[in-house]
Amino acid sequence: MKNLVSVIIPTFNRLNKLIKAIDSVKKQTYKNYEIIVVDNSSVDGTVEYLNKLNDDKIVKINIHNNGNIAKSRNLGINNSKGDILAFLDSDDLWFPNKLSSCI
């Protein structure tokens, strides 16, 4: 079995960019991943968007940490199931072969 990669995405009020970031993970050639989105209590529709996603690979976690991104990343780590951790900022994108190249 391939290694499970936990992709941890901290976010705060970046819905449009978050959609693109998640989409770039879904387009990976390496398919054994989970996406953990740690939302810092966004008010821009992020929560509603994440709740509408019907994808077993996406874990949604809410936190209120006053912008401390390290706490968001650590919460993602603590909730991960993967053998490998990968971090993606919500305003960033990956090329489709990012995970396969890293593995």
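Two strands count as paired if DSSP finds at least two bridges between them, and strands (E, at least two residues) and helices (H or I, at least four) are DSSP runs numbered from the N terminus. The model is predicted, so that local features need pLDDT of at least 70 and side-chain atom pairs count only at pLDDT 80 or more, while totals for chains, interfaces and linings use all residues. Residues are numbered from 1 along each chain as its sequence is written, and side-chain values use heavy atoms, with hydrogens and water left out.

**Exercise 1.** Work out the order of the strands in the sheet, and find the partner of P10.

*Solution.* Begin with the inventory: the protein has 4 helices and 4 strands, which run β-α-β-α-β-α-β-α from the N terminus on. The 4 strands form an open sheet of order 3-2-1-4 with parallel pairing. Its edges are strand 3 (58-62) and strand 4 (84-87), each of which pairs on one side only. Next, take strand 1 (residues 5-11) and strand 2 (residues 33-39), which pair in the parallel sense over 7 bridges; within strand 2, V38 is the bridge partner of P10.

**Exercise 2.** Compare the radius of gyration of the protein with that of a compact globule.

*Solution.* The radius is taken over C-alpha atoms, and the globule rule is 2.2 Å times the number of residues to the power 0.38. For 103 residues a compact globule would have a radius near 13 Å, and the protein has 13 Å, which agrees. Along the principal axes, the C-alpha atoms fill a box of roughly 35 × 25 × 20 Å.
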